[in-house]
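Please look over the sequence and the model before turning to the points below.

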Amino acid sequence: MNVRKQLEQFEKRLLEHDVRLNEDELSTLLADDFVEFGASGIAWTKAEVITGLQNEAFVPRLISNFIVRPLSGDVMLVTYLCRSAPTDQDREVNSLRSSIWRRYGNEWQMVFHQGTPCP
């Protein structure tokens, strides 16, 4: 499988309800030095994200405009548009997302993520 397809698959997995509740799978996909910059301006560590996802109200999301840009042979920048499915109470929410993935041997792990709300 090529790198683009593999990273897109990982990003989609991270949006799935069962994965967001699975600490083992999250621990595999997120690097130990992972950090996320939230829309609130708060930086989250790997442990904080895993704990936070256990209590998050799940919202289905779709990815489009997926692009991978190599930063080095083993580091990739991923950008995409993420759309949440509208619910009875909420409207559709769009965000521009970026992630940095680093290869360790044959495995990829996310080391950074940021989501920025957009109209």
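Is Phe58 buried, partly exposed or exposed? Phe58 is partly exposed, because its relative accessible area is 32%, where buried means under 20% relative accessible area, exposed over 50%, and partly exposed in between (1.4 Å probe, protein chains only).

The model is a predicted one, in which local features need pLDDT of at least 70 and side-chain atom pairs count only at pLDDT 80 or more, while totals for chains, interfaces and linings use all residues. Residues are numbered from 1 along each chain as its sequence is written, and side-chain values use heavy atoms, with hydrogens and water left out.

**Nonpolar core**

- The largest nonpolar core contains 21 residues; such a core is a set of buried Ala, Val, Leu, Ile, Met, Phe, Trp, Tyr and Cys residues joined through side-chain atoms within 4.5 Å.
- Leu7 and Trp101 have the most contacts inside this core.
- At least two core residues come from each of α1 (3–14), α3 (23–29), β1 (30–37), α4 (46–54), β3 (61–72), β4 (75–84) and β6 (107–118); helices (H or I, at least four residues) and strands (E, at least two) are DSSP runs, numbered from the N terminus.
- The element that gives the most to this core is β4, with four residues.
- Beyond its neighbours within four places in sequence, Leu7 is in contact (heavy atoms within 4.5 Å) with Phe66, Val68, Met76, Val78, Trp101 and Trp108.
- In soluble globular proteins, nonpolar side chains tend to be buried together.

**Largest pocket**

- The largest pocket holds about 800 Å³ of space.
- On a 1 Å grid over the protein atoms alone, a pocket is an open set of points with protein on both sides within 12 Å along at least five of seven lines, whereas a cavity is a set of points where a 1.4 Å probe fits but cannot get out; lining residues have an atom within 4 Å of a point.
- Grid points are joined across faces, edges and corners, and a volume is the space filled by probe spheres set on the points.
- The pocket is lined by 36 residues, of which Arg20, Glu36, Glu56, Arg61 and Arg97 are the closest to its centre.
- Its lining divides into 16 nonpolar, 10 polar and 10 charged residues; here Ala, Val, Leu, Ile, Met, Phe, Trp, Tyr, Cys and Pro count as nonpolar, Asp, Glu, Lys and Arg as charged, and the others, Gly among them, as polar.
- The largest share of this lining, five residues, is supplied by β6.
- The elements that each supply at least two lining residues are α1, β1, α4, β4, β5 (94–104) and β6.

**Cavity and the surroundings of Phe58**

- There is one cavity of 30 Å³ or more, and the largest cavity has a volume of about 30 Å³.
- His17, Arg20, Leu21, Leu53, Glu56 and Phe58 line the largest cavity, a lining of three nonpolar, one polar and two charged residues.
- Phe58 is placed in the loop between α4 and β3.
- Not counting residues up to four places away in sequence, Phe58 touches Leu15, Glu16, His17 and Arg20.
- From C-alpha to C-alpha, Phe58 and Glu16 are 8.7 Å apart, although 42 residues separate them in sequence.

**Helix α4**

- The buried residues of α4 are Lys46, Val49, Ile50 and Leu53.
- Seen down the axis of α4, these buried residues fall within an arc of 95°, so they line one face of the helix; the arc is that of the directions from the helix axis to the C-beta atoms.
- They pack against α2 (17–20), α3, β1 and β2 (43–45).
- Leu53, in helix α4, is buried because its relative accessible area is 10%.
- Apart from neighbours within four places in sequence, Leu53 is in contact with Arg20, Leu21 and Leu26.

- Asn65 lies in strand β3 and has a phi near 55°, a positive value in a residue other than glycine.
- Asn65 counts as exposed, because its relative accessibility is 57%.
- Gly73, in the loop between β3 and β4, is exposed, with a relative accessible area of 51%.
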